[in-house]
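Here is my note on the model, as numbered points. Please read it with the structure open.

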Amino acid sequence: MTIQVSDLCVSYGSFRVLKDVNCSLENSEILCVIGPNGSGKSTLVKALAGILTPDSGTIIINGSDADTISGYERGRTIGYVPQDFSYLTSATVLELVLLGRRPHVSWSLSETDLAIVYSALEQLGILGMAQKNITALSGGERQKVFIARALAQEPELFLFDEPTSALDIRHQIDVFEMMRDLVRHKGRSVLVVVHDLNFAYHYSDRVILMDEGSIVATGPPDQVMTHDLIESVYHVPMQYVDTSQGRYIMPLWT
């Protein structure tokens, strides 16, 4: 699954959020989007997911203009995990994850559909919560449910918007390892918005660095996440530490 974005502009009312954005997602890669708050990361993901309508520009998905792709087809090919869960309704974990199979079901759920759903629940470690109401869960548990729903959808492309923001460090690692498995062993493509620079550095194939609605740089993490570029965007002094496990980026408090 590939995406090509050309001259993309998106506004909220009169405020221009994305300004002539050009980027791409290649087949079977993890593309991390980083940048400070308000830089346009979530807006980019929502535009790719078809949630926001661009003012101008084009989004080409697997060679087809996104405007020509039906909602049904998007549901079969794109799995979106949002950052905001404020729209939750009263449903059980199982019911919510079952919705991931909707694009594949013509009439009723099959045994195969149910097996896929239970496998997704088990992979995220939430099988025991299947009958719990989603509104009774913690923020981190809810994130796992929405990730499980995307897995049950079995799309070619995953769009994750800060999927680990409410998770503890062990579960953050689990989710990024899951992304790596999706790419390396299942041939999926993953675009993920992430605030933790070290996860972006160690798990991405390529990185997009955004600031004020524009792309500052894109490429392999060691080329984009340089000392000068990161400090110029985040306006925080950074220290780069090289270890036997690779390079780590730490802010310096003054």
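1. For Phe 176 the relative accessibility is 0%.

2. A word on the basis. This is a predicted model, where local features need pLDDT of at least 70 and side-chain atom pairs count only at pLDDT 80 or more, while totals for chains, interfaces and linings use all residues. Residues are numbered from 1 along each chain as its sequence is written, and side-chain values use heavy atoms, with hydrogens and water left out.

3. Phe 176 also pairs with Tyr 203: the rings are tilted, 5.3 Å centre to centre, with 40° between the planes. Rings of Phe, Tyr and Trp (its six-membered ring) pair if their centres lie within 6.5 Å; planes under 30 degrees apart count as stacked, over 60 as edge-to-face and the rest as tilted. Helices (H or I, at least four residues) and strands (E, at least two) are DSSP runs, numbered from the N terminus. Tyr 203 is buried as well, at a relative accessible area of 12%.

4. The structure holds four aromatic pairs. One of them is stacked: Phe 176 and Phe 199, at 4.7 Å centre to centre and 15° between the planes. Phe 176 lies in helix α6 (residues 169-186) and Phe 199 in helix α7 (residues 197-203), so this pair ties together parts 23 residues apart in sequence. Phe 176, Phe 199 and Tyr 203 make one aromatic cluster.

5. Next, the sheet. It is open, has six strands in the order β6-β7-β8-β3-β9-β10, and its pairing is mixed. Strands pair if DSSP finds at least two bridges between them. β6 (78-81) and β10 (214-219) are the edge strands, each pairing on one side only. Neighbouring strands are turned by 15° against each other on average, direction ignored. Axes are lines fitted to C-alpha atoms, for helices over the stretch in contact, and angles run from 0 to 180 degrees between N-to-C directions.

6. β3 (residues 30-34) runs parallel to β8 (residues 189-193), joined by four bridges. β3 and β9 also pair in the parallel sense, over four bridges. Leu 31 has Leu 191 as its bridge partner in β8 and Arg 206 in β9.

7. How many residues of β9 are buried? Six of six. Arg 206, Ile 208 and Met 210 point one way, and Val 207, Leu 209 and Asp 211 the other. Helix α9 (residues 227-234) lies across β3, β9 and β10, at about 35° to β9.

8. Asp 211 deserves a look. It is buried yet has no salt bridge; Lys 41, the nearest side chain of opposite charge, is 8.6 Å away. A salt bridge needs a side-chain nitrogen of Lys or Arg within 4 Å of a carboxyl oxygen of Asp or Glu. Lys and Arg count as positive, Asp and Glu as negative; His and the chain ends are not counted.

9. β9 and β10 run antiparallel, joined by five bridges. Asp 211 has Ser 214 as its bridge partner in β10. The hairpin has two residues between the strands, and Glu 212 takes a positive phi near 55° there.

Note on methods
Buried means under 20% relative accessible area, exposed over 50%, partly exposed in between (1.4 Å probe, protein chains only). Contact means heavy atoms within 4.5 Å.
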